Amino acid sequence: MQRAIAAMATTPRWMMTRTSLARPSMIRSLHASPWMRADAKPASEQPKAAAEEPAAGEAEMSEEDKAAAVVAELEREKEELAGEAAKWKEEMLRAMADAENTRKRAQREIEVAKKYGVQGFAKTMLDVSDNLARSLEAVTEDQLGEDGHFRGFFDGVGMTNKILQGSFEKHGVVQFDPTGKEFDPNVMMALYEVPLTEGLEGGTVAQVVKTGYMLHDRVIRPAEVGVVKKA
């Protein structure tokens with residue numbers, strides 16, 4: 001208002017006359033215009049202030065969205081890492097189980113090799129043991145008394161057979177004679193049947209043609225026997 005009064009004071013009289021002829025509505029519009037108000041802000045400042053408020057809100061929302069995106073990304077990475085950890089753990093447990101099974105299998109194979117490693121050699125020596133036993137059985141006491149030199153030879157053969165049997169037992173090879181026992185097809189092989197007579201029981205072993213041998217709990221040669229016929 002003061003600016004308007006000052007402007008009118010400095011305005012020439014002929015302009016004041018034309019201004020006084022202005023319509024009342026124009027004067028009211030001048031008083032109501034923003035630049036005529038003392039407390040009105042410049043037009044350049046109003047849009048700027050109005051634009052700053054949405055910008056601040058947008059910045060605030062973008063920070064929240066950014067934080068949410070980071071959290072979501074971390075959760076996704078966490079799930080992926082947890083899945084990979086479970087996968088590697090399962091594979092590690094499988095590898096450990098396979099290694100343990102391999103170790104146990106190798107241990108069993110070593111034990112079996114130690115326990116039955118002499119089986120092939122022992123089987124080849126069984127014929128030698130049989131021949132030594134037959135040689136000792138073929139000599140009678142009368143023959144031993146007739147010639148002293150023959151007696152020495154007989155004793156040498158008997159000592160050799162004894163040493164061989166001791167070596168067998170040292171390595172788990174044991175001879176068994178099933179005479180009078182019930183026939184067992186797992187460790188015996190029946191060659192013939194013997195008629196049932198007094199003093200014999202049906203299904204038992206009457207005669208042993210060839211003794212059997214066991215290597216620990218494994219039969220390396222079944223006993224060849226004659227079995228009493230059942231009634």
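Guide: Buried here means under 20% relative accessible area, exposed means over 50%, and partly exposed lies in between (1.4 Å probe, protein chains only); strands (E, at least two residues) and helices (H or I, at least four) are DSSP runs numbered from the N terminus. The model is predicted, so local features are reported only at pLDDT of at least 70 and side-chain atom pairs only at 80 or more, while totals for chains, interfaces and linings use all residues. Residues are numbered from 1 along each chain as its sequence is written, and side-chain values use heavy atoms, with hydrogens and water left out.

In a regular strand, side chains alternate between the two faces of the sheet. In S6, Ala 223, Val 225 and Val 227 point one way, Glu 224, Gly 226 and Val 228 point the other way, and all of them are buried. For the protein, by contrast, buried residues make up 18% of the 231 residues.

S6 has pairing partners in both senses, where two strands pair if DSSP finds at least two bridges between them. With S2 the pairing is parallel and runs over six bridges, and Met 188 has Ala 223 of S6 as its bridge partner. With S3 the pairing is antiparallel, over four bridges, and there Gln 207 stands opposite Gly 226 of S6.

These two partners also lead to the surface. Met 189, Leu 191, Tyr 192 and Val 209 make a nonpolar surface patch of about 330 Å², a patch being built from residues with over 30% relative accessible area and no salt bridge, with nonpolar side chains (Val, Leu, Ile, Met, Phe, Trp, Tyr) joined within 5 Å. Strand S2, residues 188-194, gives the most to this patch, with three residues, whereas Val 209 is found in strand S3, residues 205-210, and is partly exposed at a relative accessible area of 47%.

S1, S4 and S5 form an open sheet of three strands in the order S1-S4-S5, and its pairing is antiparallel. Strand S1 (173-176) and strand S5 (218-221) stand at its edges with a single partner strand each, so one side of each has no neighbour in the sheet. From one strand to the next, the twist averages 35°. S4, residues 212-215, pairs with S5 over three bridges, and Leu 215 stands opposite Arg 218 in S5. Lying across S1, S4 and S5 is helix H5, residues 119-138, which runs at about 50° to S5; axes are lines fitted to C-alpha atoms, for helices over the stretch in contact, with angles from 0 to 180 degrees between N-to-C directions.

Helix H7, residues 148-170, holds Gln 165, which counts as buried at 15% relative accessibility. Apart from residues up to four places away in sequence, Gln 165 touches Ser 129, Gln 175 and Tyr 213, a contact being heavy atoms within 4.5 Å.

The loop between S4 and S5 contains Asp 217, which is exposed, with 55% relative accessibility. Since Lys 115 lies in helix H4 and Asp 217 in the loop between S4 and S5, the pair ties together parts that are 102 residues apart in sequence. Lys 115 is partly exposed, at 32% relative accessibility. The structure holds seven salt bridges, each being a side-chain nitrogen of Lys or Arg within 4 Å of a carboxyl oxygen of Asp or Glu.

As a setting for all this, the protein has seven helices and six strands, and its elements run α-α-α-α-α-α-α-β-β-β-β-β-β from the N terminus on.

Note on methods
Patch = residues over 30% accessible without salt bridge, like charges linked within 9 Å, V, L, I, M, F, W, Y side chains within 5 Å. Areas by Shrake-Rupley, 256 points an atom, 1.4 Å probe, with all protein chains shown as cover.
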